[in-house]
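Subject: Handover of a structure

Dear colleague,

Please find below the structure that I am handing over to you. A short account of the findings follows it.

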Amino acid sequence: MSCEGDPKRMLTEIELVRQLQQGDRKAFGDLYELYRNKVYTYCTRMLADGEAAGDVTHETFLKAQSRIEQLHDSGSFKSWLFAIAHHEVLMDFRRRRTNIELSHAEGIWDNETPLDMAVSNEISEIVQRMLQKLKPEYRAVLLLREFEQLSYTQIAAVTGTTESSVKSRIFKARKALVEKLKPYFQQRGEI
Amino acid sequence: MNCEQQQELISQFIDQELNPKDDGKLFLHLSTCHECRSFFRSTLKVRESLRADIEQASPKSLDSLIQTSSGKIDSRATSRLSRYLWIHQRSITMSVRKAVAVLALAICGSVLLSLFVFKQNAFFPERKTPTEYVISLPQVEVVGYYPIPHQQERKN
């Protein structure tokens, strides 16, 4: 669950960020506890590699700790942390040279993914597999929206793009997923 | 507005990011368009399936790695800070005689320093450079000049 909707927890988070900015090491431990699984899950879904996701999560938290003074608005810690994680994920992509020209790429899919590639009958598993096949820039915005429930403004800040670009990418990603899954839904009589 | 644009509005509506003034137009379109209604239902289904996937727990090895690395960062930060705080936190122990001598030296040093800095002004007002006015008058030739008789007598 996102802690953004819970004012009590938000207050605690803001306090923790302030304490960390004042050099309290325990506050870092608490913030790490709060976000380690979220950041790790985001990295795993982006990279589809548990080991690499662990490394990127590690790097994300270390950078967050060393640059905490640069965070001026304590209330936007989550977006700030995910912005670091997103940047580290892109750096990992570049290191592995899997997708260098992220913003200039045409289309939505990383590779063509026919529905019959899906080996499971579980719809959620099929959707997850489809999600992995989306290009990183589309996958990132959809993950941040659906799992982290960030607003379009926050997603734009995390990914370093404009709000209108976020709107457009989320729509295109959804449309691409829906088009791929439509025959499956129709077959099962779900739509 | 075509179906593609309406479907973009559906996406924003699902995310609660649609401007409320566009709600009416969207629902009017949905009431007449089977294609867009189907997109709406499918998008909700995809969202439901995506959210069904649970959060993954980070590996335990990461926790210890973070603990070690963050400790290093912390100790680096502490040593950096301690460099700045050295003068404030350092305690010096010495005998009373030495302390008096150091104090006297410090006072003498500060007095000499202040004399050097202020010698032109407050402490040595008499050493102030006197102001000199240099006035040179042009030579004037007086036509028809005769010496005054009593001056001539004096000369004789």
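A search of the whole structure finds one cavity of 30 Å³ or more. On a 1 Å grid over the protein atoms alone, a cavity is a set of points where a 1.4 Å probe fits but cannot get out; grid points are joined across faces, edges and corners, and a volume is the space filled by probe spheres set on the points. Rolling a probe the size of a water molecule over the atoms shows where empty space is left.

Before going further, please note that this is a predicted model, in which local features need pLDDT of at least 70 and side-chain atom pairs count only at pLDDT 80 or more, while totals for chains, interfaces and linings use all residues. Residues are numbered from 1 along each chain as its sequence is written, chains are lettered from A and ligands numbered from 1 in the order in which they are written, and side-chain values use heavy atoms, with hydrogens and water left out.

The cavity

The volume of the largest cavity is about 40 Å³. Its lining consists of A:L20, A:F28, A:L31, A:Y32, A:F61, A:A64, A:Q65, A:F77 and A:L81, where a lining residue has an atom within 4 Å of a point. Helix 2 (25-47), helix 3 (50-66) and helix 4 (77-96) of chain A each give two or more residues to this lining. Helices (H or I, at least four residues) are DSSP runs, as are strands (E, at least two), and both are numbered from the N terminus. By class, the lining has eight nonpolar residues, one polar residue and no charged residues. Here Ala, Val, Leu, Ile, Met, Phe, Trp, Tyr, Cys and Pro count as nonpolar, Asp, Glu, Lys and Arg as charged, and the others, Gly among them, as polar.

Chain A as a whole

Chain A has eight helices and zero strands. Of its 191 residues, 51% count as buried; buried means under 20% relative accessible area, exposed over 50%, and partly exposed in between (1.4 Å probe, protein chains only).

Salt bridges

How many salt bridges are there over all chains? The count comes to 17, a salt bridge being a side-chain nitrogen of Lys or Arg within 4 Å of a carboxyl oxygen of Asp or Glu.

One of them joins A:E148 and A:K78, at 3.4 Å from N to O. This pair links distant parts of the chain, 70 residues apart: A:E148 is in the loop between helix 6 (136-146) and helix 7 (152-159) of chain A, and A:K78 is in helix 4 of chain A. Both A:E148 and A:K78 are buried.

Another salt bridge is formed by A:E179 and A:K175, with their closest N and O atoms 3.6 Å apart. Both residues lie in helix 8 (residues 163-187) of chain A, four residues apart, which is about one turn of the helix. A:K175 counts as buried because its relative accessibility is 15%.

A further salt bridge is that of B:E35 with A:K182, at 3.8 Å between the closest N and O atoms. B:E35 lies in helix 3 (residues 34-52) of chain B and A:K182 in helix 8 of chain A, so the pair joins two chains. B:E35 is partly exposed at 44% relative accessibility, and A:K182 is partly exposed at 22%.

Yours sincerely

Conventions. 1 Å grid on protein atoms, 1.4 Å probe; cavity = no way out; pocket = protein on both sides within 12 Å on 5 of 7 lines; lining within 4 Å.
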